[in-house]
Amino acid sequence: MTAPILTFAQPHPFPGKLIIVEGIDGSGKSTQLLLLQKWLEAQELKVFFTEWNSSALVRETTRRGKKSKSLTPTTFSLLHATDFASRMYHEITPPLKAGMIVLADRYTYTAFARDAVRGVSREWVRKLYNFAIRPDMAFYFKVPMEIAIDRLLGGTRAQLKYYEAGMDMGLSQDVSESFRLFQSRILSEYDKLVDEYGLITMDATQDIETQQNQMRRLVSEALVNYKPKRGTHGKRASVFWRRFAVRESE
Amino acid sequence: MGNVHQYFGDGLPYVNLSDLKGKLIAIEGTDGVGRSTHIEFLQEWLEVQGYGVITTGWTRSNLMSKTIEMAKQGNILDRWSFSLLYATDFADRLEHQIIPALRSGFIVLADRYIYTALARDAVRSGNRDWIRKVFGFAVIPDLVCYLRIDVDTLALRVIETKGINYWESGMDLRLGGDLFDSFKKYQTSLIEEFDKMAEEFQFEVIDARKPPEEIQHSLRSKIQPILTNSRRQSIVVPQPKTAEPPTPDPVSTSPKL
């Protein structure tokens, strides 16, 4: 029953590839990952996309906790870890074992940076995520504070959200100012993570195309030995498991 | 005041434990050993003596109780999410109930504590390391009473009362061909884990096969000694020069069962 235990410290043994992006809100990482996905799929590679805090069960709980403002740094951290664990099991491991390319928007590093800023122990949060599969490539989109704020305020998201701005930390009553303070602390955590985990730093102030070209070049170099799995043409995988009903317990 | 509370592991860097005046008492044991009944009687007994008491129970947090119910209905299958859901529930109760109550000088009676989660995860994974680190933020209880039972007595008792259920049988692990076999295997492994932890973490082991009155009596005799500190302190308050009223020994009074 006991499977060999993978830890975050070692590379994974699966035929697939795991590529993740990190960066603060407004760094453009999601755009870059989307463009990378388009490019990979255009080459008929099998790609699976997963994003931070997206499992239905946990997202609902996080939403409730945020609404009642009852989340503590530790429950905030544990909820995200639960979401991550669930996605690791249902969304990340199966396609990797099947030999697909898995793209993840945010990964454990988001937790390492954010949770440390919120005040949990840095050692603890690393131990917490020890079950995570180590990515084959981890991109960090580095952007100065001001550019990130401009992008967020002027762009798709008109308002800064309560937790995104770290308003729960009581840094400032003003949302923009709180966002600035909170995200700049996260930036300095990311800088430490770049060294600790060898993240690939991307200059996120450059043009979208320039960044994407650079990213594609690095990814093709990393995929040299990758043996793609070609399944049914044109089908994009989305579900690897189905819910089933079991008896309710106490 | 000789009442130092410590973290189990890495701890919560943003919470100082030095001013926790209350006592944290955990009642552990597998499913169906009668923990909640005994906790009710203990609460009554302590309140009669003038202690403020709050009880807290597994999966009862505001944040998580609904989520865990949903998860048990088949949305979560893996060991990590399973354990992390319990850890989140526990953290919510720790920060919102247990620590504030201890700070205000309450006695906290916990129906199950982290050891339940440690046992369940160890049985599911065969590894004890990760889960212990996850629960590093827990406060070490002043006392852990472990209601110990053998698996045959437990099986009879559970069938007689509420019946064997899916999760108490560890059916997610498919240990046996049917509910009963699975229940026995799962509970045997859990009891083994609890027995190991009883030594490692110095639980007070209480034989849960005895009649309820005797169990309650044993629980009270284990709890009484850790209360005397706080009682003596309350006596230090200057009193008018009258003879002290004779206080009945609470241990010797028979429990109302």
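User: At what angle does helix H1 (residues 35–48) of chain B run to E3(B)?
Analyst: Helix H1 of chain B lies across E1, E2, E3 and strand E4 (143–148) of chain B. Helices (H or I, at least four residues) and strands (E, at least two) are DSSP runs, numbered from the N terminus. Axes are lines fitted to C-alpha atoms, for helices over the stretch in contact, and angles run from 0 to 180 degrees between N-to-C directions. H1(B) runs to E3(B) at about 170°.

User: What pLDDT do local features need here?
Analyst: Residues are numbered from 1 along each chain as written, while chains are lettered from A and ligands numbered from 1 in the order written. The model is predicted: totals for chains, interfaces and linings use all residues, side-chain atom pairs count only at pLDDT 80 or more, and local features need pLDDT of at least 70.

User: H3(B) also packs on that sheet; what angle does its direction make with that of E2(B)?
Analyst: H3(B) touches E1, E2 and E3 of chain B. Its direction and that of E2(B) make about 160°.

User: Which strands stand at the edges of the chain B sheet?
Analyst: The sheet is open, with 5 strands in the order E2-E3-E1-E4-E5 and parallel pairing (at least two DSSP bridges between two strands). Its twist averages 20° from one strand to the next. Pairing on one side only marks the edge strands, E2 (53–57) and E5 (204–207) of chain B.

User: Which residue in E3(B) is the bridge partner of B:Ile27?
Analyst: Strand E1 (residues 23–28) and strand E3 (residues 107–111) of chain B pair in the parallel sense over 5 bridges. In E3(B), the partner of B:Ile27 is B:Asp111.

User: In chain A, why is one side of E2 and of E5 left without a neighbour in the sheet?
Analyst: Chain A also has an open sheet of 5 strands with parallel pairing, in the order E2-E3-E1-E4-E5. E2 (47–51) and E5 (200–203) of chain A stand at the edges, so one side of each lacks a neighbour: each has a single partner strand.

User: Is E1(A) enclosed or open, and how many of its residues are buried?
Analyst: Buried means 20 or more other C-beta atoms within 10 Å of a residue's own; exposed means 12 or fewer, partly exposed in between, with C-beta atoms placed from the backbone. A:Lys17, A:Ile19 and A:Val21 are buried on one side of E1(A), and A:Leu18, A:Ile20 and A:Glu22 on the other. E1(A) is largely enclosed by the rest of the structure, because the buried count is 6 of the 6.

User: Which residue in E4(A) stands opposite A:Val21?
Analyst: E1 (residues 17–22) and E4 (residues 137–142) of chain A pair in the parallel sense over 4 bridges. A:Glu22 has A:Tyr140 as its bridge partner in E4(A). Opposite A:Val21 stands A:Phe139.

User: Which residue in E3(A) stands opposite A:Ile19?
Analyst: E1(A) and E3(A) run parallel, joined by 5 bridges. In E3(A), A:Ile19 faces A:Leu103.

User: At what angle do H6(A) and H7(A) cross?
Analyst: A:Met145, A:Ala148 and A:Ile149 in H6(A) meet residues of H7(A), among them A:Phe179 and A:Leu187. The axes of H6 (residues 145–154) and H7 (residues 175–197) of chain A come within 10 Å and cross at roughly 130°.

User: Which helix gives the most to the side of chain B that touches chain A?
Analyst: Contact means C-beta atoms, placed from the backbone, within 7 Å. It takes 39 residues from chain B and 34 from chain A. H2 (65–75), H3 (79–103) and H5 (129–134) of chain B each supply at least two residues of chain B's side. With 10 residues, the most comes from H3(B).

Note on methods
Two residues are in contact if their C-beta atoms, placed from the backbone, lie within 7 Å.
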